[in-house]
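Subject: Structure for your files

Hello,

Here is the structure I said I would pass on. My notes on it follow below.

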Amino acid sequence: MEWDWAFVAVITPTLLAGLKLTLLITLLSAIVAAVLGLAFAIARRSSNRFISRPVGAMVQFVRGTPLLVQLYFIFYVLPDAGILLPPLLAGVIGMGLHYATYTAEVYRAGIETVPKGQWEAARAANLTMRQTWVHVIIPQAVPPMIPALANYLIAMFKETPLLSAITVLELMNQAKSVANSSYRYVEPMTMVGVLFLMISLVSVVMLRWLEHRFGRLEK
Amino acid sequence: MGDWSGYLTLILQGALVTVQLTVLGCAMALVVAFVAGLGRIAPFAPLRWVASVYIEFFRGTSIFVQLFWVYFVLPFAGVTLSPLMAGVLALGLNMGAYGAEVVRGAILSVPKDQYEASIAVNLTRFQRMRHVILPQALPLMLPTFGNNAIELLKATAVVSLISLSDMTFQAQVVRAQTGSTMIPFATILLLYFAMATAIAAGMRALENRVTRGLDGVR
């Protein structure tokens with residue numbers, strides 16, 4: 001096994017193009033996960049059992065099955081129902097949905113850490129439901145959630161290579177195609193690992209800072 | 001469509017491989033987690049560094065990248081692994097890194113006076129770990145270990161991409177042969193969910209067993 005720096009220089013632009021797409025996917029899926037997760041969390045808190053039960057069951061199911069299979073399901077099964085999604089969109093929806101079930105738990109824990117007395121005090125001060133949420137609950141519930149949400153952002157970033165299985169040309173897929181056309185696996189695969197590791201390590205440092213700044217959410 | 005029982009057999013064979021991977025992967029992850037977790041709090045500094053580097057590396061890159069690295073790059077270094085061995089190795093090392101942090105956290109959360117008391121009654125380091133610290137730390141680890149086991153089960157789907165014929169791989173085979181997409185994928189989704197539910201139930205039973213007799217302690 002020998003390491004060829006010239007080859008590394010040749011493939012780096014291709015890999016960086018893949019990395020750009022990887023970051024874009026992470027960002028888009030994170031937005032989906034953040035919004036959908038909030039919807040799940042609110043739906044699960046609903047006093048209407050016909051809303052909270054099915055949503056709860058669905059969240060359990062999505063959490064208990066592999067993301068890869070869910071991606072296949074979206075990419076291969078939905079077209080039979082007439083919903084044809086481009087690979088990138090299918091990937092973003094799949095990842096966003098999968099991680100929404102995790103962020104829903106974060107939202108739930110964050111809302112539950114607000115002491116009950118705050119709800120009662122808001123009621124005693126005659127605040128409306130909207131005022132209670134906007135001025136009392138959310139300002140207290142959100143800061144402790146931030147590190148936990150950022151944690152899932154990093155997790156999502158690391159899961160993006162799965163999208164190569166549904167033909168999205170992200171970092172891993174670029175590396176694979178380079179490797180397959182040149183019969184050299186060592187450099188592309190190692191470079192992918194190094195790129196992921198570098199970004200993860202930087203994000204972990206940022207996460208520590210967030211935890212320091214906003215505190216940790218205890219379950 | 002036609003021969004459904006044949007295709008179902010195929011998927012069930014895949015399910016067996018998935019179970020095998022999960023069990024072997026969990027076993028390896030458990031061993032690695034304790035070695036690395038104890039290494040991280042060892043009194044000997046180089047040991048701590050090695051454990052930290054291992055943990056950060058495997059937590060910092062995805063299982064997918066690690067698996068491909070083990071399967072495609074190691075052969076160039078003269079280490080050729082069968083897909084099953086590569087899968088177990090990658091899954092075990094990956095989840096072991098997460099588990100190591102759990103082990104470390106649980107051991108550190110045992111109150112300090114427990115250490116002092118065991119020194120006072122003249123226990124050796126090994127006796128202290130075996131009879132005082134671990135029995136108290138283990139119940140703290142179990143719930144997270146349960147979640148990790150389910151994560152590992154879900155991660156096994158990735159090995160289908162290095163041509164190991166697990167459940168996901170077999171579903172793809174069925175899809176290619178029949179052109180039906182809904183049935184194979186819905187079947188394996190349900191099977192994965194059933195397995196995850198089984199792991200969760202098993203871990204709850206184990207938790208009850210391990211925490212028995214600890215009521216007065218905490």
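α1(A) passes α4(A) in a right-handed crossing. By class, the residues in the contact of α1(A) with α4(A) are 17 nonpolar, six polar and two charged. The model is a predicted one, and that applies to everything in this note.

Two packed helices are described by the angle between their axes and the distance between the axes. For helix α1 (residues 5–45) and α4 of chain A, the axes come within 6 Å and cross at roughly 45 degrees. The pair therefore counts as oblique.

One residue of α4 I looked at separately is A104(A). Helix α4, where A104(A) sits, covers residues 87–112 of chain A. I51(A) is 53 residues from A104(A) along the chain, and their C-alpha atoms are 15 Å apart.

Next, the chain interface. In chain A, 28 residues are in contact with 29 residues of chain B. On the chain A side, two or more residues each come from α2 (49–64), α3 (67–77), α6 (129–159) and α8 (186–214). Of these, α8(A) gives the most, with nine residues. By class, that side of chain A has 20 nonpolar, five polar and three charged residues.

Regards

How values were computed:
Residues are numbered from 1 along each chain as its sequence is written. Chains are lettered from A and ligands numbered from 1 in the order in which they are written. This is a predicted model: local features need pLDDT of at least 70, side-chain atom pairs count only at pLDDT 80 or more; totals for chains, interfaces and linings use all residues. Helices (H or I, at least four residues) and strands (E, at least two) are DSSP runs, numbered from the N terminus. Axes are lines fitted to C-alpha atoms, for helices over the stretch in contact, and angles run from 0 to 180 degrees between N-to-C directions. Angles under 35 degrees count as roughly parallel, over 145 as roughly antiparallel, 65 to 115 as roughly perpendicular and the rest as oblique. A crossing is left-handed if the near helix is turned anticlockwise from the far one by less than a right angle, and right-handed if clockwise. Ala, Val, Leu, Ile, Met, Phe, Trp, Tyr, Cys and Pro count as nonpolar, Asp, Glu, Lys and Arg as charged, and the others, Gly among them, as polar. Two residues are in contact if their C-beta atoms, placed from the backbone, lie within 7 Å.
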